[in-house]
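Let's take a friendly walk through this fold, from the whole chain down to a single helix and its surroundings. Have the viewer ready.

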Amino acid sequence: MAILEMENVDVYYGNSHVLFDLSLDVEENEVVVLLGRNGAGKTTTLRSIVGSVPRREGRITYRGTDIADAAVDRISGMGIKLVPEDRRIFPTLTVHENLQVAAETAGDPRPVEEMYEIFPTLDDLRDSLGRDLSGGEQQMLSVGRALVQNPDLLLLDEPTEGLAPVIVEDLRRVFREIVEEDVTVLLTEQNVQFALDLAERAYVIEKGSNVWEGSVPELRERDDLLEEYLSVSVAESD
Ligand SMILES: Nc1ncnc2c1ncn2[C@@H]1O[C@H](COP(=O)(O)OP(=O)(O)OP(=O)(O)O)[C@@H](O)[C@H]1O
């Protein structure tokens, strides 16, 4: 059963029309990836789900409740947590404090210590300030801050952006463990290889519109789509 449903959604920034009749759904315990080039509308789609940009047309429902006009706090309170592209950790708090603050603001948090089991790298950095972490460590902390809040649906916006390949490899291992925990995830990615490795189902969007949806194994066979909309070859995505 779909827990999140977006139907025929249109979003504007001022007069600029950015999402056109966009539809997608995410089922419980599924990992779904939203793929598309720079500027395709991936971030805007996630923002419309969490309520930070209003939709002008269309329906967005979460577990059967209409959330299209709901406030950001209410949507967060329903268990939808976004890890934004810019990570937004607290630079002057330690790793441990960052996790504690996130846990304290959640209704039903997980124990902070569990985050150190998922991210052993963070365990060694408990007393380090957020601003002193590398990009990969910040990304782990940012995901840890969302996970400690025990999300019902985790939205990840380009988690590998700007990270060195060796760090992406590390993240891939950690994310695999996370998705095996039965968390429901909708992620956006430009790193097709990373995305196809984690997700079960994919949507491809171009200029704010759906151009394809299907299973990841099907997408791997679609060299034409990967080249046309994502500028990668099948060989690169293997
Ligand atoms: N705050 C804003 N005001 C006006 N236009 C915006 C704003 N944010 C994004 N846009 C425009 O909306 C379109 C979709 O942007 P969006 O960030 O959703 O794409 P994306 O697929 O996430 O790409 P990226 O990988 O660059 O983040 C782009 O044309 C972008 O320039």
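## Ground rules and overall form

Two residues are in contact if their C-beta atoms, placed from the backbone, lie within 7 Å. Among contacts in the protein chain between residues at least 6 apart in sequence, 67% join residues at least 24 apart. Please keep in mind that this is a predicted model, where local features need pLDDT of at least 70, side-chain atom pairs count only at pLDDT 80 or more, and totals for chains, interfaces and linings use all residues. Residue numbers start from 1 along each chain as its sequence is written.

For 238 residues, a compact globule would have a radius of gyration near 18 Å, and the 17 Å of the protein chain agrees with that. This radius is taken over C-alpha atoms, and the globule rule is 2.2 Å times the number of residues to the power 0.38. The C-alpha trace spans about 45 × 45 × 35 Å along its principal axes. Of the 238 residues, 39% count as buried, meaning that 20 or more other C-beta atoms lie within 10 Å of the residue's own, while exposed stands for 12 or fewer and partly exposed for the range in between, with C-beta atoms placed from the backbone.

The protein chain has 11 helices and 10 strands. These are DSSP runs numbered from the N terminus: helices are H or I with at least four residues, strands are E with at least two.

Six bridges join β1 to β4 in antiparallel fashion, and V11 stands opposite R55 in β4. Strand β4 (residues 55-62) is joined to β5 by two bridges, again antiparallel: Y62 faces T65, and T61 has D66 as its bridge partner. Two residues lie between the strands of this hairpin, where R63 takes a positive phi near 45°.

## The six-stranded sheet

A second open sheet has mixed pairing and runs β6-β7-β8-β3-β9-β10. Its edges are β6 (80-83) and β10 (209-215); each has a single partner strand, so one side of each is left without a neighbour in the sheet. On average, neighbouring strands are turned by 15° against each other, direction ignored.

Strands β3 (residues 31-35) and β9 (residues 201-206) run parallel and share four bridges.

Axes here are lines fitted to C-alpha atoms, for helices over the stretch in contact, and angles run from 0 to 180 degrees between N-to-C directions. Seven of the nine residues of α1 are buried, including K42, T44 and L46. After the helix comes G51, with a positive phi near 85°.

Which residues surround the ligand? They are Y13, S16, V18, G36, N38, G39, A40, G41, K42, T43 and T44, each with its C-beta atom, placed from the backbone, within 6 Å of the molecule. The largest share of this shell, three residues, comes from α1.

Methods. Pairing = 2+ DSSP bridges.
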